[in-house]
Amino acid sequence: MIRAKWYILIVGVLALLSGCANRGQGPQGGPKDSIPPTLLKETPVNGTCNFKGKSIVLQFDEYVQLDNVADNVLISPPQQQPPVVKAVGKKVMVTFEEPLRDSTTYTIDFGRAICDNNEKTPLGNYSFSFATGEHIDTLAMFGRVINAADLNPVQGVVVGVQENLHDSAFATIPFTRIAKTDSTGHFGVLNMRGGNYRIYALRDVSKDYLYQTSEALAYTDEVFSPSLAFDSVAVDSLTNRLDTMWYHVPDTIVLKLFTENKRRHYFVRALRDKEQHFFTLLFSAPQDELPRITILQPDSTQRDSAWVDFTQYVICDANPTKDTLVYWLTDSSAIRMDTLSFLMTYKMSDSLFQLVDTTDTVHAIYRHPRMSQKALEAKQRKDANRKIELRSNASTKFDIYREAEWFAGTPIKDYAVDSIHLLEKIDTLMQPVPFTMEPLDSVGLRFVLHATLKPEHSYTLRIDSGAMHDVYGAPNNRFKAEYKLRSENEYSTLTIRLAHHDARARIQVLNEKDQVLRELPAKAEGAKFQYLEAKSFYVRMYIDLDGNGEWTTGDWQLKRQPEPVYYFPKKLTLRANWEFEEEFDHLATPLLEQKPRALIKTDTGKQKK
């Protein structure tokens, strides 16, 4: 029987000869080589005991190459100096760079590293085991790692067991044995000896098999004693793919991976690349308090007189994550400076992640765009006659539950409320609607109008010219925005009742991208979501253990697990002008089976933090 690869070679030769005879016909190619390399010989054989050598040689039936050895090849127990793995012709050689431990079983999991030399078709999760003692240890532990926040399977994290049962061992002693999760989050720690172990998952960025602050982790307070005997050599000879074995063993262990809320705080940089009247400070993490800033006057020579209070010259606005601070300059002399130099005192993390006061000298530099004299004069005329730019959230299909908002391009200093009008269209007449107005930020860039608006009615927001001035004295042009509220009949109502009510629970309605659209506390009578669009949604719940109104991650130092998360296992399809009720029994379906398949997306660590 001719093997497929020889068949491809023969077809290629015949096609070449045919092409010589018929030059009008171009090359046709052939089927893609989808057959992985075949292992012919292992030196020593898989499962060898009393191994004393320093290298392993694998012989294949064709030329091979290695793909991403650092991520694919895993040796257990881990070595501080990893072995050298290289492909030479039809061989793969593993050479150990540090002495092997006595009376220890070693497992080398090649993952998808070994590929054929043409199409890069991987061999699959081939594993090689040997022992430096009299026998191969055959016990194993299996389970899955999921993301604590959304229950997605987590791929590519290290799962390690530790013989030392003290909590401190996680950060001070490398794991006793290790494995890696596959695309479904499954793992199997193989070739274990009997005893008691703690188990952890770790996104090991530092690659030292030790927990470092800021690395994602998972842990459990349980102590495990492996009892499942598992012969990885026999499985390899039968299937040649270790990833198939996960589906034939129970998920006895579930680890919920989380990232602690411990980001390293430091100053990133200052930006002043758009306009002269503001600059931006970027930080690596949210700032709980504003930095203290004093500006350096360029004509001062003495330090005491050079630094002056900066707060009288700026208005500060923070973005929602509080890691970006925008300072609007209000002093004309400061605006004219191309380079603003100032002393900034802020909170920065030390080596122990403690926040300490740090003082830096910062320079915010504005570089004028290159333009001709004519263009420069035109810009100056435009700046001299500048008006405030106004926008709103108006639309012809305005949701009933929203409120009218308007936005300014520069901070507003003052405004006349009697020059701002909200009008309702009744027949052909426009009737004033009572409202109150308040700013949505601390600098006067966003405002909201509180008013009682009626479904299916049309409204106009009108702001007279000169009704307001910004901090630079510029007035506004006349502004007009039109709203039309949607009909109540376009919406659905969804009530979620808990089969096991927990007053700490919070219910979330999700879209088809697993994003939160609405959130309500779980009351005894249920969480009632009104004015939902007539489309499909999903439901998630978390137990707000600390009562702060948001999901809270875990903390290793405090030995606090992330708050529990549960999914309603079905998609909910709503119809317009209907009310739906669903009972959510978060204990009826096993946790690993709760999340609807349409929402599951493997977490590789490259999506979100």
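A residue is called buried under 20% relative accessible area, exposed over 50%, and partly exposed in between, with a 1.4 Å probe and protein chains only. The model is predicted, so that local features need pLDDT of at least 70 and side-chain atom pairs pLDDT 80 or more, while totals for chains, interfaces and linings use all residues. Residues are numbered from 1 along each chain as its sequence is written, and side-chain values use heavy atoms, with hydrogens and water left out.

| Residue | Relative accessibility | Class |
|---|---|---|
| C49 | 28% | partly exposed |
| C316 | 16% | buried |

No disulfide (a pair of cysteine sulfur atoms within 2.5 Å) turns up in a search of the whole structure, the number found being zero.

A nonpolar core is a set of buried Ala, Val, Leu, Ile, Met, Phe, Trp, Tyr and Cys residues joined through side-chain atoms within 4.5 Å. The largest one here has 25 residues, and those that touch the most other members are L390, W406, I420, L461, I463 and M468. Apart from this core lies another of 21 residues, including I56, L58, V73 and Y126.

If neighbours within four places in sequence are left aside, L461 is in contact (heavy atoms within 4.5 Å) with residues that include W406, I420, L449, F479 and Y483.

The lining of the second largest pocket consists of eight nonpolar, seven polar and eight charged residues; here Ala, Val, Leu, Ile, Met, Phe, Trp, Tyr, Cys and Pro count as nonpolar, Asp, Glu, Lys and Arg as charged, and the others, Gly among them, as polar.
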